[in-house]
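Please have a look at it first, and then we will go through it together.

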Amino acid sequence: MKNQLAGTGVLLRLALRRDRVMMPVWVLSATLMLVSMPGSLGSVYATAAERARIAASMNDNSSMRALYGPVFGDSLGALTAWRAGVYGAVLAAAMSLIIVVRHTREEEETGRQELLSAAMVGRRAPLTAALLAALVANACVALLVAGGLAGQGAPGAVALGLAVAATGTFFACTAAIAAQLTESARAAKGIAAAVLGAAFVLKAAGDVGTGGGRSALTWASPLGWVENVRAFAAERWWVLLLFAAAVAAQTGVAYVLAGRRDLGMSFLPSRPGPAEGRLGTAGALAWRLQRGSVLGWSAGFLIAGVVFGGMADGAADLVGDNDRTREIIERMGGQRAQGGSGALTDAFLATMAGMFGMVAALYAVSSVLRLAGEESGQRAEPLLANAVGRLRWAGGHLAVAFGGSALILLLAGLGLGIGHGREPGAAIGATLAQLPAVWLIGALAALLHGAVPRYAAAAWAVAGGALALGWVGPALDLPQAVLNLSPFAHLPRLPGAQDLDAAPLLALTALAVALTAAGLGALRRRDMIA
């Protein structure tokens with residue numbers, strides 16, 4: 001076994017060096033979401049009585065329980081764990097699965113792992129190094145969260161930090177298994193992300209039916225374990241043992257699978273492509289390569305839209321005469337809710353539409369950067385050696401990226417309308433209004449790939465920064481000049497906006513077109529990646 005781990009330290013240092021920018025961004029994003037909450041909540045709920053009332057209101061509202069989970073205490077620490085604990089854990093999970101797949105299956109897919117394995121590198125060293133890199137990132141999250149929230153109570157801060165980090169480690173191991181099962185990094189990320197999405201749905205379904213985190217569905221989800229740690233509210237330390245057992249079991253499975261396959265192979269081989277007639281154009285090939293991703297995102301957005309649409313009326317019912325709670329809903333929706341429960345419902349729907357837009361930007365970046373994967377994997381070169389020009393090849397993938405963004409946002413709006421039980425036209429309009437900002441971020445990814453392919457992955461930082469500004473920025477009361485760095489800050493907040501100004505939509509769309517054209521022009525002139 002010792003020989004099978006040879007070179008682990010060197011590979012770990014290499015992984016940390018390669019991720020020296022990406023990893024801190026993810027770590028700080030997850031940490032900032034959590035440590036900023038006490039100050040934000042304290043400014044809105046200044047007294048113990050107000051905090052007790054909001055805690056009781058949240059626990060009595062099934063829609064809010066599904067979205068955030070139950071509240072186990074009325075201290076600022078307990079409200080922080082309720083409001084941001086699960087979402088911080090989701091960020092840690094996303095970070096971890098990206099790290100593990102990046103340093104396992106992606107290395108094999110590009111052929112770099114074969115070169116490394118020709119040296120003194122053990123069979124299980126790459127997997128071990130990837131898991132250790134994810135563990136380092138999650139340990140940093142745990143330390144920063146514990147330190148940042150220590151003022152609210154040291155035991156609760158440590159418990160919340162460990163729960164968030166344990167969730168990240170859990171999904172790192174899930175990604176390790178997925179990387180053994182599939183032949184492509186994209187499929188491995190898709191499997192791990194699907195498990196993460198299923199975990200959130202299970203937790204939400206359990207919390208909507210039963211309060212206090214007692215539902216069997218809640219306990220079936222690792223995200224449900226996060227809330228059942230009960231940080232800042234008589235901590236349940238033994239729940240962390242569930243994470244330890246699950247991590248140990250998944251790690252064992254990943255190691256067994258890694259030892260039973262050849263380098264570059266998998267247990268779920270890709271199906272051979274169509275042998276005749278259906279791939280007559282570059283666009284058809286791009287659709288064939290990305291259709292699974294498009295359909296998966298579409299189904300996820302439709303289901304999420306139905307779920308969140310069903311919560312909309314609950315947001316208005318929760319507020320009642322509580323001006324402080326009304327202020328939170330207004331901040332989330334980006335508009336003054338002065339028209340009673342209907343206006344509050346519109347503010348909530350506007351928040352959900354904005355959230356769908358920011359998440360759709362992640363899809364757009366992923367789809368555009370499929371160009372980089374095809375190029376670095378040397379699959380583009382044989383295609384371009386035939387009668388397919390670079391612009392046609394890239395244009396097919398960009399059409400899928402931008403068209404797919406429109407499709408998933410349309411389905412998200414349809415789901416919101418269905419879930420809310422009213423005419424879906426307004427909800428569809430609200431989600432489609434996010435398209436110019438999504439396209440702009442996708443266009444920036446296209447420009448980076450065309451002009452400086454080495455730094456194309458920086459588009460992820462742009463999409464993640466927009467998500468962080470939109471989700472955490474209002475809670476931190478950041479200056480409007482800072483919030484305006486995100487293209488989503490310039491969009492009208494629909495439904496419910498009094499005046500629809502088309503100028504920002506047209507300006508962002510025109511800028512997206514210009515950046516895309518610049519990226520295609522740069523791609524046409526530069527050498528292909530060797």
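Let me begin with Arg230, which, once its neighbours within four places in sequence are left aside, is in contact with Phe72, Gly212, Glu235 and Arg236, where contact means heavy atoms within 4.5 Å. Before I go on, please keep in mind that this is a predicted model, in which local features need pLDDT of at least 70 and side-chain atom pairs count only at pLDDT 80 or more, while totals for chains, interfaces and linings use all residues. Residues are numbered from 1 along each chain as its sequence is written, and side-chain values use heavy atoms, with hydrogens and water left out.

Where is Arg230 found? Arg230 sits in the loop between helix H13 (222-228) and helix H14 (239-259), and helices here are DSSP runs of H or I of at least four residues, strands being runs of E of at least two, numbered from the N terminus. Although Arg230 is not a glycine, its phi is positive, at about 55°. Ala234 is found in the loop between H13 and H14 as well, and Ala234 also has a positive phi, near 55°, in a residue other than glycine.

Is Ala234 buried or exposed? Ala234 counts as exposed because its relative accessible area is 64%, given that buried means under 20%, exposed over 50%, and partly exposed in between, with a 1.4 Å probe and protein chains only. Arg230, on the other hand, is buried and yet has no salt bridge, the nearest side chain of opposite charge being Glu227, 8.2 Å away. For charges, Lys and Arg count as positive and Asp and Glu as negative, while His and the chain ends are not counted, and a salt bridge is a side-chain nitrogen of Lys or Arg within 4 Å of a carboxyl oxygen of Asp or Glu.

Glu227 itself does have a partner, since the side chains of Lys203 and Glu227 meet in a salt bridge with 3.7 Å from N to O. The pair links distant parts of the chain, with Lys203 in helix H11 and Glu227 in helix H13, 24 residues apart. Lys203 is buried because its relative accessible area is 0%, and Glu227 is buried because its value is 9%. Salt bridges that share partners join Lys203, Asp207 and Glu227 into one network.

Asp207 deserves a moment of its own: it is placed in helix H11 (residues 185-209), and at 0% relative accessibility it counts as buried. Leaving aside neighbours within four places in sequence, the contacts of Asp207 include Arg65, Gly69, Pro70 and Glu227.

A search of the whole structure finds eight salt bridges. One of them joins Asp19 with Arg102, the closest N and O atoms being 2.7 Å apart. In that pair, Asp19 lies in the loop between helix H1 (8-18) and helix H2 (22-35), and Arg102 in helix H6 (residues 76-102), 83 residues away.

Finally, let us step back to the whole chain, which has 25 helices and zero strands. Buried residues make up 51% of the 530 residues, and among contacts between residues at least 6 apart in sequence, 75% join residues at least 24 apart.
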